[in-house]
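Dear colleague,

I am passing on the structure that we spoke about, together with some notes on what was found in it. Please look through the sequence and the coordinates first, and then read the notes beside them.

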Amino acid sequence: MSILQYNGGAVIAMKGLNCVGICSDLRLGLQQQTVAMNFKKVFQITDKLYVGLTGLATDVLSLEHLLNFRCKLYKLKENREISPKAFGAMLSSLLYEKRFGPWFSEPVVCGLDANNNAFLSGMDLIGAPVFSDDFTVAGTCTQNLHGMCEALYRPNMDPEELFEVLSQCLLSAVDRDALSGWGAVVHIITPEGTITRTLKCRQD
Amino acid sequence: MDSVFGLVGKDFVILAADATSSRSILVFQHDLDKIVSLDAHKIIASSGVAADSSNFLEFIQRNLKLYEFDNDSKLTTNATANYIRNELAIALRKGPYQVNLLLGGYDNNEPSLYFLDYLAALTKVRFGAHGHASNFILSVFDREWKENLTTDEAIDIIHKCINELKTRFLISQPKFIVKLVNKDGTKVI
């Protein structure tokens with residue numbers, strides 16, 4: 001089994017009208033065995049910037065620590081919060097630094113910049129970014145996720161609709177993947193604030 | 001090959017480990033204690049390569065003691081778990097420690113159990129098991145575990161796990177060491 005599929009996981013980020021959403025499943029496994037059902041893969045960086053990290057759990061945790069550290073340092077030096085675009089560039093650079101001994105993690109960056117414009121970016125494990133206008137997916141069931149998102153997505157959804165679509169895409173996709181699932185957590189980021197909801201799905 | 005498992009109760013954590021030390025077809029000893037006390041309210045059980053296990057645990061134990069001397073206070077279980085994870089993660093890309101750990105502790109009137117694997121994946125759990133035994137034990141836990149277990153109920157569940165292993169696990173493990181941590185400290189059962 002590939003090392004990126006050792007622990008399992010799935011993340012989707014999607015754009016709406018003046019809002020973005022990001023969600024992940026909650027499973028942590030050791031190949032076929034499930035170890036924990038509370039392992040979140042989406043982490044808050046600033047009020048309006050979230051990053052979802054899929055792949056090997058140890059690298060998800062290590063990268064989360066590293067990114068938090070770098071962003072806090074950025075804030076101390078620049079006296080402002082990091083913008084999603086700069087964060088994406090920093091993450092890309094961090095990943096490429098380890099080009100020949102990479103972090104086994106494929107991140108998804110999702111946030112609203114200072115003008116409340118949405119920013120979505122996905123990367124592979126060595127930092128090659130792709131900027132998206134609609135949705136970005138990562139994890140062990142990307143084919144399922146792509147299919148669901150392509151089918152259900154429409155532009156300019158408001159936060160409630162975005163939540164519905166995001167949840168349904170993730171839940172349906174992970175239901176068909178043995179390595180992801182066991183619940184989901186969804187964050188909808190709007191200029192007014194972030195709403196977080198935890199979902200229960202097929203517990204298998 | 002080592003069986004290490006544990007669960008969280010109402011106000012305590014129990015960890016159990018087999019006491020067999022072996023390599024390939026030879027058993028070295030039947031009374032190896034794989035559960036080590038990090039301080040009065042923390043115990044850690046390890047499975048994996050014996051050399052890495054004893055070396056890493058001693059390293060962690062001594063560093064935690066040093067922290068206590070330097071800062072005049074002990075780390076919480078959560079902080080300890082993250083510290084251990086960090087050490088494992090740093091070593092992972094240089095010379096990995098092949099140890100799987102279960103850390104149990106009691107602080108702030110709350111028991112907690114952390115599952116750490118040799119790749120430095122960390123998660124807080126209500127019950128956990130490492131090794132081949134986990135295939136048998138996790139099912140018993142899934143069925144029997146509930147919130148706010150009393151000490152007697154928890155020990156009963158541990159007995160069920162040990163019986164399951166004795167019946168269905170290929171490797172004979174005649175002796176298990178079981179330790180409990182609560183507000184009064186560590187106790188061997």
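**Chain B as a whole**

Chain B has a radius of gyration of 16 Å, which agrees with the value near 16 Å that a compact globule of 189 residues would have (the radius is taken over C-alpha atoms, and the globule rule is 2.2 Å times the number of residues to the power 0.38). Please keep in mind that this is a predicted model, in which local features need pLDDT of at least 70 and side-chain atom pairs count only at pLDDT 80 or more, while totals for chains, interfaces and linings use all residues. Residues are numbered from 1 along each chain as its sequence is written, chains are lettered from A and ligands numbered from 1 in the order in which they are written, and side-chain values use heavy atoms, with hydrogens and water left out.

Along its principal axes, the C-alpha trace of chain B spans about 50 × 40 × 25 Å. The chain has four helices and twelve strands, these being DSSP runs numbered from the N terminus (helices are H or I with at least four residues, strands E with at least two). Of its 189 residues, 51% count as buried, where buried means under 20% relative accessible area, exposed over 50% and partly exposed in between (1.4 Å probe, protein chains only). Among contacts (heavy atoms within 4.5 Å) in chain B with a separation of 6 or more, 62% come from residues 24 or more positions apart.

**Where chain B meets chain A**

The contact between the chains takes 20 residues from chain A and 18 residues from chain B. About 1300 Å² is buried between them, with 51% of this area given by carbon and sulfur atoms; buried area is the accessible area (1.4 Å probe) that two parts lose on being put together, summed over both. Of the area that chain B buries against chain A, 36% is supplied by B:Arg85, B:Arg93 and B:Leu119, more than by any other three residues.

One of these residues, B:Arg93, forms a salt bridge with A:Asp59, and the closest N and O atoms of the pair are 2.6 Å apart. The count between the two chains is one salt bridge, defined as a side-chain nitrogen of Lys or Arg within 4 Å of a carboxyl oxygen of Asp or Glu.

**A buried aspartate in chain B**

B:Asp18 lies in strand β2 (residues 12-18) of chain B, and it counts as buried because its relative accessibility is 1%. Not counting residues up to four places away in sequence, B:Asp18 touches B:Asp2, B:Ser3, B:Leu32, B:Lys34, B:Gln173, B:Lys175 and B:Phe176. A polar atom of the B:Asp18 side chain lies 3.0 Å from the backbone nitrogen of B:Ser3.

**Two residues with positive phi**

Most residues other than glycine have a negative phi. A:Trp182, however, has a positive phi near 60°; A:Trp182 lies in the loop between α4 (159-175) and β11 (184-190) of chain A and is buried, with a relative accessible area of 18%. B:Asn109, which is not a glycine either, has a positive phi of about 60°. B:Asn109 lies in the loop between β7 (99-107) and β8 (110-116) of chain B, and it counts as exposed because its relative accessibility is 65%.

Notes
Polar contact = N/O pair within 3.5 Å; in protein donor to acceptor, adjacent residues only side chain to side chain.
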